[in-house]
Amino acid sequence: MYFSIVQRKVLTPNDFQSLAQLEDRLLRFQDHYSATARPFEWKFTRHDLEVLLSKIQAHEQMSAQAA
C-alpha cells in the first residue's frame with residue numbers, strides 16, 4: 001500500500017531534474033507520511049478471503065480433473 005501511495009503522490013508526474021531532487025522529494029514525503037499516517041481500514045474481510053480461497057481451490061481441482 002505504501003509504495004502505491006508513493007507512486008501516486010510523489011513519483012507522478014515524473015518531472016525530476018536530478019536524482020538528488022527525487023531523493024529530496026521522497027525523504028520529505030516519508031517524513032510527512034510518518035507524521036500523518038493512520039492505519040488502513042481494510043475492506044477485504046477474513047470471510048472474503050475464505051470465499052476467494054475456496055473458489056481458487058475448486059478451480060484448481062477442476063483444472064486437474066480436466067488434464
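Predicted model: local features only at pLDDT ≥ 70, side-chain atom pairs only at ≥ 80, totals over all residues.

Modeller: Phe-44, Leu-49, Leu-52, Leu-53 and Ile-56 make a nonpolar surface patch of about 440 Å². A patch here is built from residues with over 30% relative accessible area and no salt bridge, where nonpolar side chains (Val, Leu, Ile, Met, Phe, Trp, Tyr) are joined within 5 Å and like charges within 9 Å. The areas come from the Shrake-Rupley method with a 1.4 Å probe, and for residues only the protein chains shown count as cover.

Residues are numbered from 1 along each chain as its sequence is written, and side-chain values use heavy atoms, with hydrogens and water left out.

Now let us step back to the whole chain. It has three helices and zero strands, arranged α-α-α from the N terminus on. Helices (H or I, at least four residues) and strands (E, at least two) are DSSP runs, numbered from the N terminus. The C-alpha trace spans about 55 × 30 × 15 Å along its principal axes. The radius of gyration of the chain is 20 Å, whereas a compact globule of 67 residues would have one near 11 Å; this radius is taken over C-alpha atoms, and the globule rule is 2.2 Å times the number of residues to the power 0.38. Of the 67 residues, 9% count as buried. The chain exposes about 6,300 Å², and carbon and sulfur atoms supply 57% of that area.

Next come the charged contacts. The structure holds two salt bridges, each defined as a side-chain nitrogen of Lys or Arg within 4 Å of a carboxyl oxygen of Asp or Glu. In one of them, Arg-28 meets Asp-24 at 3.0 Å, N to O. Both of these residues lie in helix H2, four residues apart, which is about one turn of the helix. Arg-28 is exposed, with a relative accessible area of 52%, and Asp-24 is partly exposed at 39%.

Arg-25 forms a salt bridge with Asp-15, and their closest N and O atoms are 3.7 Å apart. This pair links distant parts of the chain: Arg-25 is in helix H2 (residues 19-36), while Asp-15, ten residues away, is in the loop between helix H1 (2-9) and H2. Arg-25 counts as partly exposed at 25% relative accessibility, and Asp-15 counts as partly exposed at 40%. Arg-25 also has Val-10 at 7.0 Å in space, C-alpha to C-alpha, although the two are 15 residues apart in sequence.

One last stop is the loop between H1 and H2, where Pro-13 lies. The peptide bond from Thr-12 to Pro-13 is cis, with omega near 0°. In general, most peptide bonds are trans.

Note on methods: Buried < 20%, exposed > 50% of the residue type's maximum accessible area, 1.4 Å probe, protein only.
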